Structures are given as structure tokens and as C-alpha cells.
Amino acid sequence: MKHIVLITGAGKGIGRAIALAFAKAGKDNPDFDPLLILSSRTQADLDSISLECRAEGALTDTVPADLACMGDVRRLSCHILERYGTIDCLVNNAGVGRFKPFAEMNEDDFDYTMATNLKGTFFLTQALFPAMELKRSGHIFFITSVAAEKAFKHSSIYCMSKFGQKGLVETMRLYGRECNVRITDVMPGAVHTPMWGDVDEEFQSFMMKPEDIAAPVVQAYLQPSRTTVEEIVIRPTGGDLQDS
Ligand SMILES: NC(=O)c1ccc[n+]([C@@H]2O[C@H](COP(=O)([O-])OP(=O)(O)OC[C@H]3O[C@@H](n4cnc5c(N)ncnc54)[C@H](OP(=O)(O)O)[C@@H]3O)[C@@H](O)[C@H]2O)c1
């Protein structure tokens, strides 16, 4: 039986690594046959990760969508439910951040961050959860951050959005437990991805790689359905990159 898996933000960074890790797990595990729905705003990124996943033997479907746009959130969720009739795994990974001192943050920074990290994540989850609730199985991952529990001085709006996501995670846990839907909060520390822009080599050597996050996510999904890995906290061995 196919596992219908949606990964948002699958074009770059952590989402891209998660997509590839699911594809490889399908190759290595005869009981796991994933159909990967890959979504982000950039079609060219989706085409290239789709090719990589197909090379591992996974079926893919690419759906460009901007989660900051409610019309796209509806289009993406309708596409999945109309074409496949169900969903087994939702990886809420797409996210953005703008990093600067508190006094320099403006309304556009606020709206931009909240629209994707909070509004998009909330309404996509709301649209897809009922399909899991109905069949009493499914798994939702939220790629939040260590910044969902700990403040960083140049990340005021990002931290607000991630603390907010954590509120959604804990609420969805209450619903999930009633209908056998697993909820996993993934809280990474610094991972070297395009989100950070240019990073000098010294910092890069300190940071984690996207595949370091992808492996435990796929492992958590493949656990027996009677168990839920509720939280994955994963930091660089040297701790957090910046405490300012
Ligand atoms: N990197 C880290 O150190 C780190 C640490 C903890 C948590 N996280 C979290 O992990 C997640 C992934 O981060 P990352 O570092 O992999 O970032 P990234 O390299 O910038 O990749 C983000 C992905 O999300 C997509 N995306 C962004 N905004 C979107 C929107 N409005 N609609 C649809 N897709 C959107 C991007 O593609 P397009 O631009 O083409 O849409 C891209 O594919 C985020 O939620 C982030 O907060 C990251």
C-alpha cells in the first residue's frame, strides 16, 4: 500500500533532505512504498528534487504553492484529497525567517514571517487533519526549532512564530491522541541551509547538515504505529550557534 506523504518546503534545505530520506527508505524497506508530494514556491527546485527521489524508486508529484496565500493552501489540500483521497503523513516544514535587531523589525517582516510559519501551517493542517482523523491513522510532523522554546536576540519575530507553532503542536497532540494520529515536534538547532544565506566556513563546520534532521524524521515515521516519537530535539554537538 502506498504511503501518501506531503512535504512542504521540499525544494531546499531540510525539506529537500527529508524528501530524499523518505525516497531512500522506500528503496531499502520492502514494507514502505512512499508517494511523495513535494511542494514549495519554486517549480525548478521541485523538479530537481523530484528527479532525485525518482532515481531512488519513489513516486513523486510536484505541487508549487505559496503557503502564505490561502488560495494556494486550499488548492494544495484539495489536489491531494481529490487525487489520492487521503494522506498518511504531513511534514509541515516550509518556514521563513528574517534576522535583525528588534528595533529594526518592520510590519512587512512580521506579516511575511507569520503568514507562512503560522497562518499557512495552521490552515494546511486544518485542511488535511480530517482525512487522518477519519481513517484513524496518520502522522504530522512540525519542523519547529529550538527557537520554539528558547529566545535569540536577533530572531524576535521568528521566535514568536516558532513559539506559536509549538502551541499548535501541543493542541494537535490533544486531537491526535483521540484518533490515533501521531504528532511529532522536530526542534533543530542550527542547520546549514539556504535560510542562513552566506555563512563563513568556521560557522559552517559548527552547524548540522539537513540530512542530520531528515534521518530521525524518517525513523520516527517508520516506528510501529502504536508508538509516537513526540519530540525530536537535535542540536550541533557544540550547542546553539548564537545566544545573542
Ligand atoms: N536551518 C536551520 O538552522 C533551522 C533550524 C531550526 C528550524 N528550522 C526550520 O526548518 C524549516 C526549513 O528550514 P530550512 O533551513 O530548510 O530553510 P530553507 O533552506 O530556506 O528552505 C525552506 C523551504 O521552504 C520553502 N518555503 C518558504 N516559504 C514558503 C512559502 N510561503 N510557501 C511554500 N514554501 C515555502 C522554500 O522554497 P521556496 O522559497 O521556493 O518557496 C524552501 O523549499 C523551517 O520551518 C525553519 O524554520 C531551520
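Tutor: What follows goes from the sheet to the helices and their contacts.

This is a predicted model, in which local features need pLDDT of at least 70, side-chain atom pairs count only at pLDDT 80 or more, and totals for chains, interfaces and linings use all residues. Residues are numbered from 1 along each chain as its sequence is written, and side-chain values use heavy atoms, with hydrogens and water left out.

Start with the sheet. It is open, has seven strands and pairs in parallel, in the order β3-β2-β1-β4-β5-β6-β7. Two strands pair if DSSP finds at least two bridges between them. Strands (E, at least two residues) and helices (H or I, at least four) are DSSP runs, numbered from the N terminus. The edges are β3 (59-62) and β7 (231-234), and each pairs on one side only. Neighbouring strands are turned by 15° against each other on average, direction ignored. Axes are lines fitted to C-alpha atoms, for helices over the stretch in contact, and angles run from 0 to 180 degrees between N-to-C directions.

Now the pairings. Strands β1 (residues 2-8) and β2 (residues 33-39) run parallel and are joined by seven bridges. Thr 8 stands opposite Ser 39 in β2. Four bridges join β2 to β3, again in parallel. Here Leu 38 has Thr 62 of β3 as its bridge partner. From β2 the chain passes through helix α2 (residues 43-55) to β3, a right-handed β-α-β crossover. Right-handed means that, with the strands pointing away from the viewer, the path from the first strand over the helix to the second runs clockwise.

Next, the helices on the sheet. Helix α1 lies across β1, β2, β4 (89-92), β5 (138-143) and β6 (181-188), and runs at about 160° to β2. Helix α5 (residues 156-178) lies across β5, β6 and β7, at about 160° to β6. Contact means heavy atoms within 4.5 Å.

α1 also packs against α2. Their axes come within 9 Å and cross at roughly 25°. The two helices are therefore roughly parallel; angles under 35 degrees count as roughly parallel, over 145 as roughly antiparallel, 65 to 115 as roughly perpendicular and the rest as oblique. α1 passes α2 in a right-handed crossing: the near helix is turned clockwise from the far one by less than a right angle. Arg 16, Ala 19, Leu 20 and Ala 23 of α1 meet Asp 45, Ser 48, Ile 49, Glu 52 and Cys 53 of α2. By class, this contact has five nonpolar, one polar and three charged residues. Ala, Val, Leu, Ile, Met, Phe, Trp, Tyr, Cys and Pro count as nonpolar, Asp, Glu, Lys and Arg as charged, and the others, Gly among them, as polar.

α1 (residues 13-28) has a further partner, α7 (residues 210-222): the axes come within 8 Å and cross at roughly 45°. That makes α1 oblique to α7. This crossing of α1 past α7 is right-handed. Contact residues include Ile 14, Ala 17, Ile 18 and Ala 21 of α1, and Ile 213, Ala 214, Val 217 and Val 218 of α7. The contact of α1 with α7 divides into 13 nonpolar, one polar and one charged residue.

Finally, α5 packs with helix α4 (residues 107-135) at an angle of about 10°, with the axes 9 Å apart. α4 and α5 are therefore roughly parallel to each other. Among the contact residues are Phe 110, Met 114 and Leu 118 of α4, and Met 160, Leu 168 and Met 172 of α5. This contact of α4 with α5 has 11 nonpolar, eight polar and two charged residues.
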